Amino acid sequence: MQIRSAKPADRPAIRDVARRSLERSYSLSPGAITTAVEKWYDEAELAERFADPARLFLVAERDDQVVAFSESVHSETGDEATVLWLHVDPAYRGEGIASDLFGETVALLQADGFEYIYGRVLDDNTDGNAFYENRGLEKVGEETVEIGDRTHVENVWTLHESSGIEAIETDDGETVYVNYTESDTGSAGHFYTVYTDQGKSNQYGYFCANCDRLANAMDSMGRIECDHCGNTRKPTRWDAAYL
């Protein structure tokens, strides 16, 4: 999978992903979804947003096909940025794409100096809200958004640069910390670095984005393999016994 900046030729695929994602994740009427797609993702609107220097538009590509995208907007003079949308084609969900795309989005925003990262998701999108909660974000408020002829509640989540870390428990009951801004690419999804402390002074192991579980630590040859789903990061050096 490749994550890259969106380009004009991606606009039809982005519309298709948005439509399928809205149909799967939201309890919106067909008419409301059609209105939303036409309003937010028509050719002229997307062209304008692509050209906006205050926006970050990323796509995730699998086999030369756009399967997900994120859209963010940041303040021009402040230190805040907001992930407006994170859509994954339903046919490709459960593969860690959302985790990878979110991690890359946050990493790029933080690299540009945006210390406070927010995420927005409609209240009736149970999976979307759980995704942000599981990534260490905190719900800080609610706002409203008009879709079609109805008003919907939109939850606002926040992730501070100095956090960005999710505390989880091991099978032995020990608390460890997943850092979603540090990752290695695996065969089915990223491996995020896990530390024993929030200060990231002592590495514990890795967290598999494909199945959202702790993976084995890297061995001496640089290989990481998840016990649960088989996601693998190949060795960085030749290891004939592994091939």
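## Salt bridges, pair by pair

Guide: The protein has 5 helices and 14 strands. Both are DSSP runs, numbered from the N terminus: helices are H or I with at least four residues, strands are E with at least two. This is a predicted model, where local features need pLDDT of at least 70 and side-chain atom pairs count only at pLDDT 80 or more, while totals for chains, interfaces and linings use all residues. Residues are numbered from 1 along each chain as its sequence is written, and side-chain values use heavy atoms, with hydrogens and water left out.

Some background comes before the pairs. Of the 243 residues, 45% count as buried. Buried means under 20% relative accessible area, exposed means over 50%, and partly exposed lies in between (1.4 Å probe, protein chains only). Take contacts between residues at least 6 apart in sequence: 48% of them join residues at least 24 apart. A contact here means heavy atoms within 4.5 Å.

Now the bridges. A search of the whole structure finds 13 salt bridges. Each is a side-chain nitrogen of Lys or Arg within 4 Å of a carboxyl oxygen of Asp or Glu.

Start at Glu 43. This residue forms a salt bridge with Arg 11, and the closest N and O atoms are 3.2 Å apart. Glu 43 lies in helix H3 (residues 43-50) and Arg 11 in helix H1 (residues 11-25), so the bridge ties together parts that are 32 residues apart in sequence. Glu 43 is partly exposed, at a relative accessible area of 35%. Arg 11 is buried, at 17%.

Glu 43 has another partner. Its side chain meets that of Arg 15 in a salt bridge, at 3.0 Å from N to O. Arg 15 lies in helix H1 and Glu 43 in helix H3, so this pair ties together parts 28 residues apart in sequence.

Next, look at the strands. The side chains of Arg 55 and Glu 71 meet in a salt bridge at 2.6 Å, N to O. Arg 55 is in strand S2 (residues 55-62) and Glu 71 is in strand S3 (residues 65-74). The pair links distant parts of the chain, 16 residues apart. Arg 55 counts as partly exposed, at 26% relative accessibility. Glu 71 counts as buried, at 2%.

That pair does not stand alone. Arg 55 and Glu 71 belong to a network of salt bridges that also links Glu 45, Arg 49 and Asp 52.
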